Amino acid sequence: MSYKVEAVPDSYAALGEGPHWDVDRQSLYYVDLESAGINRYDFKQNKVYKAKIEGEIFASFILPVENKPQEFAVGCGLRTVIVQWDGVSAVAKVTRTLFEVQPDLKENRLNDAKTDPNGRFYGGTMADSGDIFTQWKGELYSWQAGGQPNAIRSKVGISNGLAWDVKAKKFYFIDTNNHEVLAYDYNQSTGAVSNPKVIFDLRKIRPEGPLFPDGMTVDTEGNIYVATFNGGTVFKVNPSTGKILLEIKIPTTQITSVAFGGPNLDILYVTTANKFDQPKPAGTTFQVTGLNAKGYAGVNLKI
């Protein structure tokens with residue numbers, strides 16, 4: 001198979017994360033996590049619009065809000081807040097807090113979060129000081145409109161990739177520090193997840209040491225795509241067998257997350273980071289075409 005990897009123009013983010021394809025606006029939203037940056041790549045214009053959230057340090061994820069075209073749920077520290085943004089202006093503003101988690105653990109922060117196919121929130125936390133790869137102070141949560149955050153899993157190192165396969169009734173989750181992908185049984189009508197099992201282990205793929213799995217997505221055939229933070233690779237994996245079907249090579253090391261998008265949902269967008277002075281093109285968002293696969297668009301958050 002021949003796939004093509006191209007840089008999205010002017011897409012740099014020092015810690016790019018959280019890609020979310022919005023069908024209505026034909027745009028890819030993603031964040032620059034450690035500078036409270038929120039970005040929108042307009043597919044038709046082939047242009048990235050960048051904003052900073054006033055008065056905030058972090059933007060861990062960005063999720064469009066259902067029926068509110070200028071409102072987004074964004075992770076700022078331990079709060080999930082509503083941000084007002086027109087998708088063009090260079091400044092965005094927090095209007096209110098939806099909910100907060102782990103308020104007593106000030107050295108933690110929210111990390112990756114997504115909406116499930118029904119528009120519920122799933123996301124988690126991590127330590128943000130010291131050696132983040134050897135601490136397990138985070139938790140994984142779900143939240144839905146009118147409720148409180150519900151802790152799904154405790155003792156999480158770095159709460160990261162999330163994906164759902166409705167056909168297989170599975171929810172996939174990555175704790176980066178465990179070097180593995182878990183599959184939970186997923187009840188779409190209630191949002192409940194149970195019975196976690198390891199389906200992909202990244203400890204033994206590279207002889208020089210374990211790979212750190214980061215963000216994740218699924219395609220319409222049920223395969224998962226796993227970004228590796230220290231591996232320069234996105235792995236396409238059959239979750240039933242754990243077999244690697246394809247290694248998608250990206251021309252930088254710190255691959256943070258992946259999402260399908262584009263008019264036909266057949267472009268794989270890949271965010272990357274430039275932590276600890278990586279050479280160019282670290283921090284660029286890439287588009288991968290020619291994969292002969294399609295994914296699912298992002299789902300708006302119901303609040």
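Me: Over how many bridges do β14 and strand β15 (residues 170–175) pair in the antiparallel sense?

Reply: This is a predicted model, in which local features need pLDDT of at least 70, side-chain atom pairs count only at pLDDT 80 or more, and totals for chains, interfaces and linings use all residues. Residues are numbered from 1 along each chain as its sequence is written, and side-chain values use heavy atoms, with hydrogens and water left out. Strands (E, at least two residues) and helices (H or I, at least four) are DSSP runs numbered from the N terminus, and two strands pair if DSSP finds at least two bridges between them. For β14 and β15, the antiparallel pairing extends over 5 bridges.

Me: Which residue in β15 is the bridge partner of Ala 163?

Reply: β14 covers residues 159–165, and its pairing with β15 is antiparallel. In β15, the bridge partner of Ala 163 is Tyr 172.

Me: Why is one side of β14 and of β17 left without a neighbour in the sheet?

Reply: The open sheet has 4 strands in the order β14-β15-β16-β17, with antiparallel pairing. β14 and β17 stand at its edges, so one side of each lacks a neighbour because each has a single partner strand.

Me: Which strands are the edge strands of the sheet formed by 8 strands?

Reply: This open sheet runs in the order β2-β3-β4-β5-β9-β8-β7-β6, with mixed pairing. An edge strand here pairs on one side only, which applies to β2 (16–22) and β6 (62–65).

Me: How many helices and strands does the protein chain have?

Reply: Over residues 15–274, the chain is 0% helix and 57% strand. UniProt, in an unreviewed entry, places the feature "domain: SMP-30/Gluconolactonase/LRE-like region" at those residues. For the protein chain, the secondary structure comes to 0 helices and 24 strands.

Me: What is the radius of gyration of the protein chain?

Reply: The radius is taken over C-alpha atoms, and the globule rule is 2.2 Å times the number of residues to the power 0.38. With 303 residues, a compact globule would have a value near 19 Å, and the protein chain agrees with this at 17 Å.

Me: Which residue does UniProt list for "active site"?

Reply: UniProt positions are given in the numbering used here, feature names are shortened, and annotations may be inferred rather than shown by experiment. The entry is unreviewed, and the residue listed is Asp 214.

Me: Is Asp 214 buried or exposed?

Reply: Asp 214 is found in strand β18 (residues 213–218). Buried means under 20% relative accessible area, exposed over 50%, and partly exposed in between (1.4 Å probe, protein chains only). At 6% relative accessibility, Asp 214 counts as buried.

Me: With which side chain does the side chain of Asp 214 make a polar contact?

Reply: Contact means heavy atoms within 4.5 Å; leaving aside neighbours within four places in sequence, Asp 214 is in contact with residues including Glu 17, Asn 160 and Thr 256. A polar contact is a pair of N or O atoms within 3.5 Å; within protein, one must be able to donate a hydrogen and the other to accept it, and residues adjacent in sequence count only if both atoms are side-chain atoms. At 3.1 Å, the side chain of Asp 214 makes such a contact with the side chain of Asn 160.

Me: Which side chain does a polar contact of 3.2 Å join to that of Arg 206?

Reply: Arg 206 lies in the loop between β17 (193–201) and β18, and is buried at 17%. The polar contact joins the side chain of Arg 206 to that of Thr 233.
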